[in-house]
Amino acid sequence: MLQPGLSLDLTFPVTPDLTAKAVGSGTLEVLATPIMIARMEQAAWTAVAPHLADGESTVGTLMNVQHLSPTPVGMEVTCRAELVQAEGRRLVFQVSAWDARGPVGQGSHERAVIQSGRFVEKARKKLTGTP
């Protein structure tokens with residue numbers, strides 16, 4: 001059973017390949033919003049993964065995040081995900097990001113606990129058109 005309070009911090013350097021210009025989300029050489037969101041998701045699934053049963057995983061279902069401040073190449077960013085609600089298969093996280101100068105992003109993120117094998121099979125059926 002997953003309990004609220006599980007959390008994980010993930011720190012990474014902003015490198016040229018993580019900028020808005022490099023990933024196509026803008027023209028500036030600052031941390032790209034999609035990268036910040038991906039790292040928030042990574043912190044969330046990594047926080048709960050050790051507590052899942054064999055054959056289970058989580059998938060993202062909702063992200064509601066504000067990108068509050070730019071971070072230039074060369075600085076580090078820390079993303080935190082904290083599980084604040086667990087109802088059945090639905091997991092709700094508070095997510096945040098900051099650099100040495102202060103807040104970078106904040107919001108909420110939801111994930112669903114799934115059976116990995118069934119989930120992958122459902123995705124593969126899309127290739128064949130099988131319901």
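Reader: How many salt bridges does the structure hold?

Author: A salt bridge is a side-chain nitrogen of Lys or Arg within 4 Å of a carboxyl oxygen of Asp or Glu. The structure holds 5 of them. This is a predicted model, in which local features need pLDDT of at least 70 and side-chain atom pairs count only at pLDDT 80 or more, while totals for chains, interfaces and linings use all residues. Residues are numbered from 1 along each chain as its sequence is written, and side-chain values use heavy atoms, with hydrogens and water left out.

Reader: Are Lys 21 and Glu 29 buried or exposed?

Author: Buried means under 20% relative accessible area, exposed over 50%, and partly exposed in between (1.4 Å probe, protein chains only). Lys 21 and Glu 29 are both exposed, and their side chains meet in a salt bridge at 3.7 Å, N to O.

Reader: Where do Glu 41 and Arg 111 lie?

Author: Helices (H or I, at least four residues) and strands (E, at least two) are DSSP runs, numbered from the N terminus. The side chains of Glu 41 and Arg 111 form a salt bridge of 3.1 Å, N to O. Glu 41 belongs to helix α2 and Arg 111 to strand β5, so the pair ties together parts that are 70 residues apart in sequence. Glu 41 counts as partly exposed because its relative accessibility is 26%, whereas Arg 111, at 6%, counts as buried.

Reader: Which residues are linked in a network of salt bridges?

Author: Glu 87, Arg 90 and Glu 110 are linked in this way. Glu 87 is partly exposed at 44% relative accessible area, and Arg 90 is partly exposed at 33%.

Reader: What is the order of the strands in the sheet?

Author: Strands of a sheet pair through backbone hydrogen bonds, either parallel or antiparallel. Two strands count as paired if DSSP finds at least two bridges between them. Here an open sheet of 5 strands has the order β1-β3-β4-β5-β2, with antiparallel pairing. β1 (7-13) and β2 (56-67) each have a single partner strand, so one side of each edge strand is left without a neighbour in the sheet. β1 is joined to β3 (residues 76-87) by 7 bridges, and Asp 9 stands opposite Arg 80 in β3.

Reader: Which strands does helix α2 lie across?

Author: Contact means heavy atoms within 4.5 Å. Axes are lines fitted to C-alpha atoms, for helices over the stretch in contact, and angles run from 0 to 180 degrees between N-to-C directions. Helix α2 (residues 33-48) lies across β1, β2, β3, β4 (90-99) and β5 (102-115), at about 140° to β2. Helix α3 (residues 116-128) lies across β2 and β5, at about 90° to β5. α3 is hardly covered, with a count of 0 buried residues among its 13. Just after α3, Gly 129 takes a positive phi of about 80°.

Reader: What does the side chain of His 109 make a polar contact with?

Author: A polar contact is a pair of N or O atoms within 3.5 Å; within protein, one must be able to donate a hydrogen and the other to accept it, and residues adjacent in sequence count only if both atoms are side-chain atoms. The side chain of His 109 makes such a contact with the side chain of Arg 111, at 3.1 Å. A polar atom of the His 109 side chain also lies 2.9 Å from the backbone oxygen of Leu 62. His 109 is found in strand β5 and counts as buried at 1% relative accessibility. Leaving aside residues up to four places away in sequence, His 109 touches several residues, including Glu 41, Ala 44 and Phe 93.
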